[in-house]
Amino acid sequence: MMKETGGHPRRGGWAIGMALAMVSVAAAGCDDGGNPFAVSLQPFYTKVDLEADPGLIGTWRDKEGDVSFTFEAGTEKEYTLVVKEKEGEQERSGEFEAHLMRLGGSWFIDFFPKNNSGGEEFYRVHFFRGHSIARVELGQDSMQMAFLSASWLSARIKEKSIDTPHEKADGSLLLTGTTEEVQELAYFYANDEGAFADPLSLERTRAEEDGQ
């Protein structure tokens, strides 16, 4: 791991694009029109890495009101997260397990979609759930969230400056390394604005706003 150059994930499609709620191998980590965030088979955390911060709990929205993240406390330093996104007159949503961790001097959240019980069983068994990771900066009423970019990662792998284990199929990329290996990737590039590009700025909503 050494070189740093550009490469930014595509904005938009947060709830469905990041919500690997049941993501096929062919869609995960795809560079052209697929998921814009890097996906890992293994979590980016171990139990000893997990942190709890009551300041995370609540609903966070972007200034335009197009996307919201609602965190609720779970068990054993696990959060339940519901992501909602507006697309014109439609609203889409996805539900996740979220785990807050600190690697070095940076804070991250690991996102893992909850089971999707919809659809026919034979169809669903051909899909898998993957982990994505975002670097977060949490203030009292503001938060910035930047996901590990799939296009940046693919470019670094192609130039052989990153050797984290992975698999490719039909142009898709999936990190297959151990938790230690994918953690090292996130830690090493935590301050790389190409790796964690195009941060989403969110603001905490008040109780009266949540009812809207």
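Let's start just after helix α3, where K160 takes a positive phi of about 65 degrees. Helices here are DSSP runs of H or I with at least four residues, strands are runs of E with at least two, and both are numbered from the N terminus. Before we go on, please keep in mind that this is a predicted model: local features need pLDDT of at least 70, side-chain atom pairs count only at pLDDT 80 or more, and totals for chains, interfaces and linings use all residues. Residues are numbered from 1 along each chain as its sequence is written, and side-chain values use heavy atoms, with hydrogens and water left out.

Now the helix itself. Which residues of α3 are buried? They are A150, W152, L153, S154, R156 and I157. By buried I mean under 20% relative accessible area, while exposed is over 50% and partly exposed is in between, using a 1.4 Å probe and protein chains only.

Let's zoom out for a moment. The chain has five helices and eleven strands. Of its 212 residues, 46% count as buried. The chain exposes about 10,800 Å², and carbon and sulfur atoms supply 47% of that area. Those areas come from the Shrake-Rupley method with a 1.4 Å probe, and for residues only the protein chains shown count as cover. A contact means heavy atoms within 4.5 Å. Among contacts between residues at least 6 apart in sequence, 63% join residues at least 24 apart.

On to the inside. A nonpolar core is a set of buried Ala, Val, Leu, Ile, Met, Phe, Trp, Tyr and Cys residues joined through side-chain atoms within 4.5 Å. The largest one has 23 residues, and those with the most contacts inside it are F108, I133, L148, L153 and F196. The elements giving two or more residues to this core are β5 (90-103), α3 (150-158), β10 (172-175) and α4 (179-188). There is also a second, separate core of 21 residues, which includes L81, L100, I109 and L202.

Please find F108 on your screen. Leaving out residues up to four places away in sequence, F108 touches a list of residues that includes H99, L100, M101, I133, V136, A190 and F196.

Next, α4. Its buried residues are T179, V182, Q183, L185 and A186.

G104 and Y187 are 83 residues apart in sequence, and their C-alpha atoms are 6.8 Å apart in space. G104 counts as partly exposed because its relative accessibility is 46%.

Let's look at rings. Rings of Phe, Tyr and Trp (its six-membered ring) pair if their centres lie within 6.5 Å; planes under 30 degrees apart count as stacked, over 60 as edge-to-face, and the rest as tilted. How many aromatic pairs does a search of the whole structure find? The search finds seven. In one of them, F71 and Y79 have ring centres 6.5 Å apart and planes at 90 degrees, so that pair is edge-to-face. F71 and Y79 are both buried. F108 comes back here with F196: their centres are 5.6 Å apart and their planes are at 55 degrees, so this pair is tilted. F108 is in strand β6 and F196 is in the loop between α4 and β11 (200-204), 88 residues apart. Both F108 and F196 are buried. Ring pairs also link F37, F96, F111 and F147 into a cluster.

Last topic: charges. A salt bridge is a side-chain nitrogen of Lys or Arg within 4 Å of a carboxyl oxygen of Asp or Glu, and the count comes to four. One of them joins E193 and R135, at 3.5 Å from N to O. E193 is in the loop between α4 and β11, while R135 is in strand β7, 58 residues apart. E193 is partly exposed at 47% relative accessibility, whereas R135 is buried at 9%. Another joins D141 and R204, also listed at 3.5 Å from N to O. Here D141 is partly exposed, with a relative accessible area of 30%, and R204 is buried, with 18%.
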